[in-house]
Amino acid sequence: MKRLILMVCLLGSFLAEAQSDRFIFGFFPEASLSYKVSEKYTVTHKIESQHGLYDSNNLNEELEYEHSLTDLQSFIGRRLSPFVKVDVGYQYRIEEGENTHRTIQQVSILQRASFYRIGHRIRIDETFFKEAPLLFRARYRLKGQIPLQGLSLDPGEKYLAVSNELIYMIQSSEDDLENRFAASLGFYFDDKNKFEVGLDYRTDDYLVEDKFRHRLWFKVGYYKSL
Amino acid sequence: MIRSITRLLIMLCFSFGFAQEKNEVEKRIEKQEVPQQAKAWLNDAYENKRRTKWYFQTDDEEQVFEAKLKHNKHLHSVEFDLDGNVRNIEVLIDENELDEEVRKVISTYLNTYFSKFSISKIQIQYTGEGDDLEDVIDEDEFEDITVSYEIEFYGKTETEDELWEALFDSEGILIKKRSVNLKATDNLDY
């Protein structure tokens, strides 16, 4: 109950603040499929899609559906130790205007404690446009996972996942920051099937004058491994 | 015929591999679900400690009840069989609390077999009869008690790079070890 009250308060404060800034709300489904190709190497495919339902920039301020973007990603990862994994990936983004290509490199570090675990993800990516210069981003994400039933997460149990990611981006000489905070309820069906449902709150345009943007996504994600 | 033998060999390899792995499942349970005998033993030994959490644990071989509680600033896990008879007590300790002689023997083993290692968890395990185990807690007496050490560590050799759970005897000699299956990290990585 306390968690629900906190969630409502947070949402309320976002909305109040968002009155002077741009505010977007929408639906954000994602799904990933991972499989081992050898003892050390794993391939992961991921699809994620953003669907806008509300944008404060729309003059009539009514709910209006808009497909924002869909990302198709593929990664190949090598496990360096039980706790460290490196990945290289490619993303094809489908969105209005111009579809883009992105290359991704990341290091993931797993930190375990007695009952929770934390994933550190350090990622850099480069986005290529037809006309515009290359967009370079450096990102760090921290994601914690806590079992909600007992001290260890076992099949059929639920967990809480909380993450925050800070992104620095630079294109030509213009740079900016973005922050992504997410909290979700996870369903651990078994180690090969996980489902997460929650909210993903993103703010950006920190370094752009008079142009701050809030995006709140209702996010659902399925993580499948073979 | 050759194909059948190959298939049999592959199955044997797999079953051998699985037997070496730790696959524990633990569920939180209510106090009412615990055998009366287990609760009575715990009350006697720990003198009515209030904050006890109860779990039901299964692995590939057996089912047990487990009580977790704090005692003298250490986390204690007390294991009971399905009838409520106490089986052992595990006490979580820091590396520097290990007996110096035992620590030396265990360090020698780790240094000999692993090119790289780091210890993540140490538990002293006390095994014995119910009355003797009770004396360990309330009298600090260790008569007829078997002491062993359960240690979780990351260890790398030329061929293996795993998280391990190993049991060492009271002198620090390895009794057995098995690899610990880490859960998939797909939801933390992507």
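Start just after H4(B), at B:Asp140: this residue takes a positive phi of about 60 degrees. Helices (H or I, at least four residues) and strands (E, at least two) are DSSP runs, numbered from the N terminus.

This is a predicted model, in which local features need pLDDT of at least 70 and side-chain atom pairs count only at pLDDT 80 or more, while totals for chains, interfaces and linings use all residues. Residues are numbered from 1 along each chain as its sequence is written, chains are lettered from A and ligands numbered from 1 in the order in which they are written, and side-chain values use heavy atoms, with hydrogens and water left out.

**Stop 1: helix H4 of chain B**

Select H4(B), residues 130-138. B:Gly130, B:Asp132, B:Leu133, B:Glu134, B:Val136 and B:Ile137 are buried here. Buried means under 20% relative accessible area, exposed over 50%, and partly exposed in between (1.4 Å probe, protein chains only). Now show what surrounds the helix. Its buried residues pack against H2 and against strands E4 (63-71), E5 (74-80), E6 (86-93) and E7 (116-127) of chain B.

Move on to B:Asp144, in the loop between H4 and strand E8 (146-156) of chain B. B:Asp144 is not a glycine, yet its phi is positive, about 60 degrees. The residue is exposed, at 59% relative accessibility.

**Stop 2: the largest core**

Select B:Trp41, B:Leu42, B:Tyr46, B:Val78, B:Phe80, B:Ile89 and B:Tyr126. These have the most contacts inside the largest nonpolar core, which has 37 residues. Such a core is a set of buried Ala, Val, Leu, Ile, Met, Phe, Trp, Tyr and Cys residues joined through side-chain atoms within 4.5 Å. Helix H2 (residues 36-46) of chain B gives the most to this core: five residues. Colour chain B by domain, using bounds from an automatic or database domain assignment. Domain 1 (23-87) and domain 2 (94-182) both give residues to the core, so it lies between them.

Centre on B:Tyr46. Contact means heavy atoms within 4.5 Å. Beyond neighbours within four places in sequence, B:Tyr46 is in contact with B:Trp41, B:Leu69, B:His71, B:His76, B:Val78, B:Ile89 and B:Ile137.

**Stop 3: chain B as a whole**

Zoom out. Chain B has five helices and ten strands. Of its 190 residues, 41% are buried. Take the contacts in chain B between residues at least 6 apart in sequence: 50% of them join residues at least 24 apart. The accessible surface of chain B comes to about 11,500 Å², with 48% belonging to carbon and sulfur atoms. Accessible areas come from the Shrake-Rupley method with a 1.4 Å probe; for residues, only the protein chains shown count as cover.

**Stop 4: salt bridges**

A salt bridge is a side-chain nitrogen of Lys or Arg within 4 Å of a carboxyl oxygen of Asp or Glu. The whole structure has 28 of them over all chains.

Select A:Asp55 and A:Arg22. Their side chains meet in a salt bridge, 2.6 Å from N to O. A:Asp55 lies in strand E2 (residues 41-55) of chain A and A:Arg22 in strand E1 (residues 22-36), so the pair ties together parts that are 33 residues apart in sequence. A:Asp55 is buried, at 11% relative accessible area. A:Arg22 is partly exposed, at 29%.

Next, A:Glu165 and A:Arg139. The closest N and O atoms of this salt bridge are 2.9 Å apart. A:Glu165 is in strand E8 (residues 157-171) of chain A and A:Arg139 in strand E7 (residues 135-147), so this pair ties together parts 26 residues apart in sequence. A:Glu165 is buried, at 4%. A:Arg139 is buried too, at 8%.

In chain B, select B:Arg87 and B:Glu79, a salt bridge with closest N and O atoms 3.3 Å apart. B:Arg87 is partly exposed, at 28%, and B:Glu79 is buried, at 9%.

Return to chain A. Salt bridges that share partners join several residues into one network, including A:Arg139, A:Glu165, A:Arg102, A:Asp204 and A:Arg215.

**Stop 5: the outside of chain A**

Select A:Ser172, in the loop between E8 and strand E9 (174-190) of chain A. Its phi is positive, near 60 degrees, in a residue other than glycine. A:Ser172 is exposed, at 57%.

Finish at A:Tyr65, in the loop between E2 and strand E3 (66-81) of chain A. A:Tyr65 is exposed, at 53%. With A:Phe27, A:Leu53, A:Leu63 and A:Phe218, A:Tyr65 forms a nonpolar surface patch of about 510 Å² accessible area together. Patches are made of residues with over 30% relative accessible area and no salt bridge; like charges are joined within 9 Å, nonpolar side chains (Val, Leu, Ile, Met, Phe, Trp, Tyr) within 5 Å.
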